[in-house]
Amino acid sequence: MSPLRPWSAARTAARVPLARLALLASPGHPSPLAAAATPAEVERVLGATAAVTARGGPAQVEIQLGHFCNNRCVFCASGQLTEQGRAQPVPELQVVRALEAAAANGVRRLTLLGGEPTIQDAFLPSLRRAVELGFADITIFTNGTRTADARFVDAVASLGSFTWRISIQGATEAAHDVAVGRRGAFQRIVAGLALLQARHQRVTVNMCLTTHALATLGALPALLLGRGVGQLCIDMVRPVSAGERTDAELKAMMPTFAAAGRALRAMLAELDARAPDFDLNLTHLPFCALPEAAPRIRHGGDATVTFTADLDERQGVMDKYAFQQTDRRKLPECAGCVFFANCSGVPHAYAAWHGAASVRPVTMAEVVAADPTGRALSVAGDQASAEWQQARAWVDRIVRVARRGGARVGWRGALVRIELREGTLELWPRTEPGIAIGARAVAPQAWDATTLRAVNARLAAVIKATRRG
Ligand SMILES: C[S@@+](CC[C@H](N)C(=O)[O-])C[C@H]1O[C@@H](n2cnc3c(N)ncnc32)[C@H](O)[C@@H]1O
Ligand code: SF4
C-alpha cells in the first residue's frame, strides 16, 4: 500500500461527510487505517519532507508510542480508542527502527508522544536509544500524570536532558479535569510543575482550546508564571484528530473563533503586562479572529515527519503539517485578506456550521490601526497581495531615498512605524537618533504609478528639508 496512505486517506476524508471523516481520523494526527510503512516508504516520506527544509532534512520527527492513554480528553481520539479497547502498543523494535531512520537522515529534533508516551513500555528504552543516536533536542509530550512522581522524573532525567511538554487543558482544576475526563489530573500537573522546576527541567505547555479551556483563560497567566514554564502553545481543536464524535459533540467543544479571539485578547493583555517576553504561540487561530496577535499565530511549522501508531501494531509515516492542512480550508470570503498566504483558514466542519460568517478578510488599514508597532504588519507582509506589494515597494523607495539623503535606515516591519489617520497612511521609517523623516500618502489600495511618483517626490522633499534642519 502507499506509504502516504494515512495522508492521502485524510485528503479524501476532507471531502467526505463529517461522520465518515471521524471514522478515518485518529489521535495526535493520523488515520488508524494507516498501513505499515516499509523502510523504503519511510525513506521516501523523510526525503519528501526534507525537500521543504533549507537544511536538507526534515526539521524534526515525532513518534507515537501507541494510542493507549490514561486520560479521556473530549477532543482526542487516543483516549477514545483506549476506551473502545482498540489501542495497541507500538513494539520497541519498531520505534528504534524509526529513530535510526530519522537519525540516518540527519534529524536531530525528536518528540515522543502517543497516546500517553510515559505509560508505554517502549518509553524509557526509546528515550535511551534516542540519546545514543545523538538526538540533541528531545521533547516528551505528556499529559503530566507521571510528572509528580519523583522516581519516574529522576529515571528520565538520568538518561539525558529533555523538554517536558505538558498538556494543560484548562487553567482551573474543574475545567482541566472535565476536559481530560479524569478527576485529580490537574492537581497532579500542578505538583508535577513544582517537581520539574525543582529538578531544573525544561518545561513547555500545550493547550487545546476547547470551550472548557476558553472559560478559564483568565486564570492561565497566574497558573503558568513563576512555575518555570518557558513556552505556551494554544492550539485550536482539530476535528480530524478528535476521533468519532457527533456534530453536536464537536460543536459543544469548539468555541467560535470570534469568542476565542475575545478571550485570548483579554488573556494576552494580562500576560503582556506581567511578562511581555513570554513565548506564546497560537496555532490554527484564523488571523481574522485576532489580527493584532499575528506575530504569535502559526499555521504549520518546521517540516515534521510523524511515525504513527496504528491499530494493528504496525506503524505509518506521514508529513505532519500536510496532514493537518487537509482538515481546513480558506473560504471565498478570505479573498483579499492581508494574511491570506499565511493562514490555513478554518476546519471544514466549522465552515459548514458557520458559513460565510466563519471568516472576514483583514485589511492592511485594520492591522495598522490594531497594532501601531508594525509587528503584526510584518506577518501580513510575508504574503503577496497586490496591496502589500505596493506598500512594501513604497517603503523600499523611502529607504532608498533616505539612504541617498544620508540617513541610515533599514527595511523591516519593526523599523517602521505606521499610523493610519483619517483615511491617510503615515509611514515613518525609524532612523538613527537625530534624523527624522516621514511621509504621508493616501491609503495604499488606491495607489497607482502616478501616486507613487508623487509620494517619492514628496519624500525626497521631506528628507531634504529634514537634512537642512
Ligand atoms: C495527542 S496528545 C499526546 C501526548 C499526551 N498524551 C498529551 O496529552 O500531551 C498531544 C497533544 O495533542 C493535542 N490534541 C489531541 N487531540 C487534539 C485535537 N483534536 N485538536 C487539537 N489538539 C489535539 C492535545 O492537546 C495534546 O496537548
Ligand atoms: S492525555 Fe493526550 S493522548 Fe490522552 S486522551 Fe488526552 S490528549 Fe489524548
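# Reading a predicted chain: burial, helices and ligand shells

Of the 469 residues of the chain, 48% count as buried. This is a predicted model, where local features need pLDDT of at least 70, side-chain atom pairs count only at pLDDT 80 or more, and totals for chains, interfaces and linings use all residues. Residues are numbered from 1 along each chain as its sequence is written, while chains are lettered from A and ligands numbered from 1 in the order in which they are written.

Student: Why is Phe-323 called buried?

Tutor: A residue is buried if 20 or more other C-beta atoms, placed from the backbone, lie within 10 Å of its own; 12 or fewer makes it exposed, and in between it is partly exposed. Phe-323 has 27 C-beta neighbours inside 10 Å, so it counts as buried. Phe-323 is found in helix α14 (residues 320-325).

Student: What makes a stretch a helix or a strand?

Tutor: Both are DSSP runs, numbered from the N terminus: H or I of at least four residues for helices, E of at least two for strands. The chain has 19 helices and 15 strands.

Student: How do you know whether Asp-310 is buried or exposed?

Tutor: Count again. Asp-310 has 23 other C-beta atoms within 10 Å, so it is buried. Asp-310 sits in the loop between β9 (304-309) and β10 (315-319). Its C-alpha lies 7.4 Å from that of Gly-66, although the two are 244 residues apart in sequence.

Student: How do you know what span helix α9 should have?

Tutor: The expected span is 1.5 Å times one less than the number of residues. For the 14 residues of α9 (residues 185-198) that gives 20 Å, and the end C-alpha atoms are 20 Å apart, so the two agree.

Student: Which residues of α9 are buried, and why are they said to line one face?

Tutor: They are Ala-185, Phe-186, Ile-189, Gly-192, Leu-193 and Leu-196. Down the axis of α9 they fall within an arc of 115°, so they line one face of the helix. The arc is that of the directions from the helix axis to the C-beta atoms. Their cover includes α7 (150-157), β4 (163-167), α8 (173-180) and β5 (202-209). Just after α9, His-200 takes a positive phi of about 60°.

Student: What makes the buried residues of α8 a face?

Tutor: In α8, Ala-175, His-176, Ala-179 and Val-180 are buried. They fall within an arc of 110° seen down the axis of α8, so they line one face. Among what covers them are α9 and α10 (211-214).

Student: What makes a set of residues a nonpolar core?

Tutor: Its members are buried Ala, Val, Leu, Ile, Met, Phe, Trp, Tyr and Cys residues joined through C-beta atoms within 7 Å. The largest here has 99 residues, and Leu-112 and Leu-209 touch the most other members.

Student: How many residues surround ligand 1?

Tutor: There are 21 residues around ligand 1, and the closest are Asn-143, Ser-167, Cys-208, Arg-238 and Ser-241. β3 (137-142) and β5 each supply at least two residues of this shell.

Definitions and conventions. Contact = placed C-beta atoms within 7 Å. Near = placed C-beta within 6 Å.
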